[in-house]
Structures are given as C-alpha cells and as structure tokens.
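Me: I would like to learn how to read a structure like this one. Could we go through it together, feature by feature?
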Amino acid sequence: MTEPDSVEAVIQMLAQGGYYCDDDLAMGVFLAIKLGKPLFLEGEPGVGKTEMAKVLAQRLGRRLIRLQCYEGLDISTAVYEWNYAKQLLSLRLAGDAAPGREALEDVFGPEFLLSRPLLDAIRSESQGQRVVLLIDELDRADEEFEAFLLELLSDFQVTIPEMGTVGSDTVPLVILTSNRTREIHDAIKRRCLYHWIDYPSPEKELQIVRAKAPGIDERLARDICQFMNRLRQDDYLKRPGVAESLDWAQALVLLHRDHLDPEVVRQTKSCLFKNRQDLRRFQDGIAGYLGAGALE
Ligand SMILES: Nc1ncnc2c1ncn2[C@@H]1O[C@H](COP(=O)(O)OP(=O)(O)OP(=O)(O)O)[C@@H](O)[C@H]1O
Ligand SMILES: [Mg+2]
C-alpha cells in the first residue's frame with residue numbers, strides 16, 4: 001500500500017479505517033511516517049490511542065506488533081529469549097555429555113532465538129517486511145525498561161551478547177502510548193514526536209458514533225455527543241472517553257431509542273461510569289445535563 005503524501009491523505013486514509021482525527025494528530029502521523037520517528041501519544045483513557053496504531057497498520061498494509069507494557073516487564077518478554085528446551089534437546093541429540101565450545105556456539109544461533117515484540121519488529125524490517133510497532137501504556141512499565149527503550153529508539157538495533165547486533169536498514173513505524181499514570185522520562189519524549197489526544201469535539205465524536213454504531217438515529221447520535229461533551233466539563237474521577245460513548249450508543253440502539261430522556265439515561269448510566277462515587281454524582285446531575293439548552 002502506498003504511503004500518504006500529505007496530511008490530508010493521512011486523514012482520509014484513517015477515516016477509511018473508521019478512525020477520525022484532527023489535523024494536528026494527522027500531522028504527527030504524517031511526520032512520523034516521513035521522518036521515521038516514533039510518535040508518542042498521551043491522553044485520557046478511551047480517546048483512541050491504541051486504536052490509532054491498529055488502524056494505521058491496517059491501512060498501511062503493515063503487520064502490527066504490539067508490546068503491552070506492565071510492571072515487571074523484562075527483556076525476555078519484550079525483546080528476546082533463548083529457547084532453552086530446544087537448545088538442551090539439540091545438545092542431547094548431538095550426544096555430547098560435555099559439549100565443546102563449537103556445539104555451544106551452534107545452539108546460540110538464530111534458530112534457537114525466540115523473538116519477542118521489539119526484536120520481532122527489527123527482524124521483520126531487516127527482512128523487508130514493514131511493521132507498525134505499538135508500545136502500549138508505557139507508563140505501566142518500570143523505569144529500567146524505559147532506559148532500555150531509550151537505547152532501542154535511538155539506534156533501532158539490539159545487541160545479543162551470544163550472537164551480535166541485530167539491526168535493520170529501515171525503521172519500524174513506532175507508536176508509544178501512555179495514560180500518564182506517571183510521567184515518562186524526558187529523554188524518551190525527546191526521541192519522539194509528541195501528541196496529546198484530547199476528547200473529540202462533538203462534531204468529531206458524531207462522525208465516530210455514526211461509523212461505529214451503524215443504524216443509529218441521527219437525533220440520538222447528536223444527543224449523545226452533546227451530552228458527553230457537557231459531561232466531560234465536570235470534574236469526575238474518571239471522565240468517560242470515546243469508548244464509553246460508543247458503548248452507550250450501542251446500548252441505546254439496542255433499546256430502540258431515538259433520543260435521550262432522563263429515564264433512559266438513568267437506566268443506562270453504567271455504560272458511562274465505572275465507580276460508585278461518579279455514578280452517584282452523575283445520578284444527581286442528570287436533570288441538569290438534560291435541562292433546557294443542554295442539548296441543542
Ligand atoms: N478518533 C477515533 N475514531 C474512531 N474510533 C475511535 C476514536 N477514538 C476512539 N475510538 C474508539 O474508542 C474506543 C477506545 O479507543 P482506544 O482503546 O484506542 O482508547 P485508548 O486511548 O487506547 O484507551 P486506554 O487508555 O483505555 O487504553 C475504540 O473502540 C475506538 O474504536
Ligand atoms: Mg489503549
């Protein structure tokens with residue numbers, strides 16, 4: 001598939017995959033592709049950070065390789081691991097009770113190496129298969145992992161002590177995401193292009209809702225987007241993202257609704273809030289959200 005040659009082309013390409021973004025984000029994507037720089041996406045939960053990488057890979061016709069970060073993520077899960085069982089078997093089959101240096105070197109070759117996402121991405125690129133590498137929720141990983149990543153993002157190569165350095169002429173398109181549960185080190189950000197994904201405007205969200213809840217009544221779709229926009233101006237513990245709008249829209253379609261009213265909002269509030277405090281606060285404010293002028 002051909003790469004987009006303008007910001008406008010990026011917007012169109014993503015929209016064809018059902019992803020709607022504004023000019024700024026599209027510019028970030030365009031530059032990341034053209035400059036070969038990683039794109040660092042931050043934003044509240046459910047605003048489309050992960051989805052961006054998925055749609056990008058699909059539309060560019062590239063394989064998506066995803067590294068989901070978590071506390072305790074280590075090199076053997078993120079980069080590579082030796083296939084010990086296969087190595088042992090191979091040595092046993094060779095019949096060496098005490099294997100010599102040569103036999104040991106043999107079992108530290110490529111066929112005994114298990115590639116994990118980061119090495120997989122570099123190896124794929126070195127074999128001419130272009131990929132999108134998604135390093136998702138980096139804020140969940142430990143700082144030591146971040147330090148390792150720093151090196152990788154600078155040179156796009158991995159040094160395996162027993163084998164040497166594995167690199168590639170082309171670099172993967174890297175998307176990093178964070179929910180900002182902690183600050184990511186400046187050194188990482190400096191190696192990336194950065195974009196903060198905000199909640200979408202009601203107009204943008206309307207496009208998303210129409211695409212992801214097909215058959216939805218136009219008035220209901222508009223009501224939902226206005227309502228969500230109003231809701232997000234309040235100080236909830238967890239403000240609902242686009243994911244919640246879509247769950248809600250799909251629930252309301254299922255219930256054959258064509259507009260919002262206090263009764264149905266109350267009945268379906270669990271689509272929007274996932275903790276007791278917010279639910280209570282919301283319940284008390286429903287009338288205000290639906291009051292005169294709240295939905296135009
Ligand atoms: N701009 C958008 N266009 C189309 N769909 C979107 C957009 N933003 C969000 N969505 C939809 O919202 C849902 C949540 O998106 P996604 O999982 O990418 O959010 P996220 O930012 O990664 O959230 P989290 O931080 O919780 O992982 C998905 O179903 C996605 O399809
Ligand atoms: Mg995500």
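Me: Which residues are the closest to ligand 1, and how many surround ligand 1?
Reply: First, some ground rules: residues are numbered from 1 along each chain as its sequence is written, while chains are lettered from A and ligands numbered from 1 in the order in which they are written. This is a predicted model, where local features need pLDDT of at least 70, side-chain atom pairs count only at pLDDT 80 or more, and totals for chains, interfaces and linings use all residues; side-chain values use heavy atoms, with hydrogens and water left out. A residue is near a molecule if one of its heavy atoms lies within 4 Å of it. Here, 17 residues surround ligand 1, and the closest are Tyr20, Gly46, Lys49, Glu51 and Lys212.

Me: Which atom of ligand 1 does the backbone of Tyr20 approach?
Reply: Look for polar contacts, meaning pairs of N or O atoms within 3.5 Å. A backbone N or O atom of Tyr20 lies 2.7 Å from a nitrogen atom of ligand 1. For Val47, a backbone N or O atom is 3.1 Å from an oxygen atom of the ligand. Lys49 uses its side chain: an N or O atom there is 2.8 Å from a ligand oxygen. The protein covers 80% of the 630 Å² of accessible area (Shrake-Rupley method, 1.4 Å probe) that ligand 1 has on its own.

Me: What is the strand order of the open sheet?
Reply: Strands of a sheet pair through backbone hydrogen bonds, either parallel or antiparallel. Strands are DSSP runs (E, at least two residues), as are helices (H or I, at least four), numbered from the N terminus; two strands pair if DSSP finds at least two bridges between them. In this model, 5 strands run in the order S2-S5-S8-S1-S9 with parallel pairing. The edges are S2 (63-68) and S9 (193-197), each pairing on one side only. Between S5 (131-136) and S8 (173-178) there are 4 bridges, and Ile135 stands opposite Leu176 in S8.

Me: At what angle do helices H1 and H2 cross?
Reply: Angles run from 0 to 180 degrees between N-to-C directions, using axes fitted to C-alpha atoms, for helices over the stretch in contact. H1 (7-16) and H2 cross at roughly 100°, their axes coming within 8 Å. That makes H1 roughly perpendicular to H2, a label for 65 to 115 degrees. With contact meaning heavy atoms within 4.5 Å, Val7, Val10 and Ile11 in H1 meet H2 residues including Met27 and Phe30.

Key:
A polar contact is a pair of N or O atoms within 3.5 Å; within protein, one must be able to donate a hydrogen and the other to accept it, and residues adjacent in sequence count only if both atoms are side-chain atoms. Angles under 35 degrees count as roughly parallel, over 145 as roughly antiparallel, 65 to 115 as roughly perpendicular and the rest as oblique.
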